[in-house]
Amino acid sequence: MGIDKQSDIAANIQIGPTDHGMVRIYIEAEGGIELPLDFDPEEADEIAEELRAAAEAARAMGDKGPKKKR
(Lines give C-alpha, C1' and ligand atoms only; values in the text may rest on other atoms or scores of the structure.)
Protein backbone atom coordinates (compact mmCIF):
# COMPACT_ATOMS: atom_id res chain seq x y z
CA MET A 1 0.00 0.00 0.00
CA GLY A 2 1.33 3.42 -0.94
CA ILE A 3 0.80 6.72 0.79
CA ASP A 4 -1.84 7.71 -1.76
CA LYS A 5 -3.95 4.55 -1.53
CA GLN A 6 -7.25 4.30 0.36
CA SER A 7 -7.27 2.17 3.52
CA ASP A 8 -10.04 0.55 5.57
CA ILE A 9 -7.95 0.52 8.75
CA ALA A 10 -9.40 2.68 11.52
CA ALA A 11 -7.10 4.39 14.01
CA ASN A 12 -7.12 7.09 16.66
CA ILE A 13 -4.39 9.70 16.92
CA GLN A 14 -3.38 11.87 19.86
CA ILE A 15 -0.70 14.55 19.85
CA GLY A 16 0.85 16.24 22.87
CA PRO A 17 4.01 17.02 24.83
CA THR A 18 5.79 14.44 26.96
CA ASP A 19 7.32 15.02 30.38
CA HIS A 20 10.75 14.79 28.69
CA GLY A 21 10.24 17.81 26.41
CA MET A 22 9.36 15.79 23.33
CA VAL A 23 6.27 15.88 21.15
CA ARG A 24 4.45 12.56 21.01
CA ILE A 25 2.20 11.37 18.22
CA TYR A 26 0.34 8.39 19.63
CA ILE A 27 -1.51 6.11 17.23
CA GLU A 28 -3.87 3.38 18.37
CA ALA A 29 -5.31 1.08 15.70
CA GLU A 30 -7.60 -1.90 15.49
CA GLY A 31 -6.15 -5.17 16.71
CA GLY A 32 -4.45 -3.69 19.76
CA ILE A 33 -1.76 -1.81 17.84
CA GLU A 34 -0.25 1.08 19.83
CA LEU A 35 2.45 3.24 18.28
CA PRO A 36 3.99 6.05 20.34
CA LEU A 37 6.22 8.26 18.17
CA ASP A 38 8.37 10.87 19.95
CA PHE A 39 9.96 13.84 18.18
CA ASP A 40 12.04 16.76 19.35
CA PRO A 41 10.24 20.09 18.95
CA GLU A 42 12.17 21.00 15.76
CA GLU A 43 11.18 17.71 14.12
CA ALA A 44 7.57 18.30 15.20
CA ASP A 45 7.67 21.72 13.50
CA GLU A 46 8.90 20.08 10.29
CA ILE A 47 6.09 17.49 10.49
CA ALA A 48 3.55 20.28 11.00
CA GLU A 49 4.87 22.07 7.89
CA GLU A 50 4.60 18.84 5.88
CA LEU A 51 1.01 18.35 7.11
CA ARG A 52 0.09 21.89 6.06
CA ALA A 53 1.67 21.41 2.62
CA ALA A 54 -0.15 18.09 2.15
CA ALA A 55 -3.45 19.69 3.19
CA GLU A 56 -2.95 22.47 0.62
CA ALA A 57 -2.13 19.91 -2.09
CA ALA A 58 -5.20 17.85 -1.16
CA ARG A 59 -7.40 20.94 -1.34
CA ALA A 60 -6.01 21.77 -4.77
CA MET A 61 -6.76 18.23 -5.97
CA GLY A 62 -10.27 18.45 -4.55
CA ASP A 63 -10.89 21.70 -6.44
CA LYS A 64 -9.99 19.97 -9.72
CA GLY A 65 -12.12 16.86 -9.09
CA PRO A 66 -15.81 16.34 -9.78
CA LYS A 67 -18.16 18.50 -7.75
CA LYS A 68 -20.30 16.77 -5.13
CA LYS A 69 -24.07 16.91 -5.61
CA ARG A 70 -26.05 18.50 -2.80
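1. The chain holds 1 helix and 3 strands, where helices (H or I, at least four residues) and strands (E, at least two) are DSSP runs numbered from the N terminus. From the N terminus on, the order of elements is β-β-β-α. The radius of gyration, taken over C-alpha atoms, is 16 Å, well over the 11 Å that the globule rule gives for 70 residues, so the chain is more spread out than a compact globule. That rule is 2.2 Å times the number of residues to the power 0.38.

2. This is a predicted model, in which local features need pLDDT of at least 70, side-chain atom pairs count only at pLDDT 80 or more, and totals for chains, interfaces and linings use all residues. Residues are numbered from 1 along each chain as its sequence is written, and side-chain values use heavy atoms, with hydrogens and water left out.

3. The 3 strands form an open antiparallel sheet in the order S1-S2-S3; two strands pair if DSSP finds at least two bridges between them. Strands S1 (11-17) and S3 are the edge strands, each pairing on one side only.

4. S1 and S2 pair over 7 bridges, and Gly-16 stands opposite Arg-24 in S2. Strand S2 (residues 23-29) also pairs with strand S3 (residues 33-39) over 7 bridges, with Arg-24 opposite Asp-38 in S3. The hairpin of S2 and S3 has 3 residues between the strands, and Gly-31 there takes a positive phi near 85°.

5. Buried residues (under 20% relative accessible area, 1.4 Å probe, protein chains only) make up 7% of the 70 residues in the chain.

Notes:
Buried < 20%, exposed > 50% of the residue type's maximum accessible area, 1.4 Å probe, protein only.
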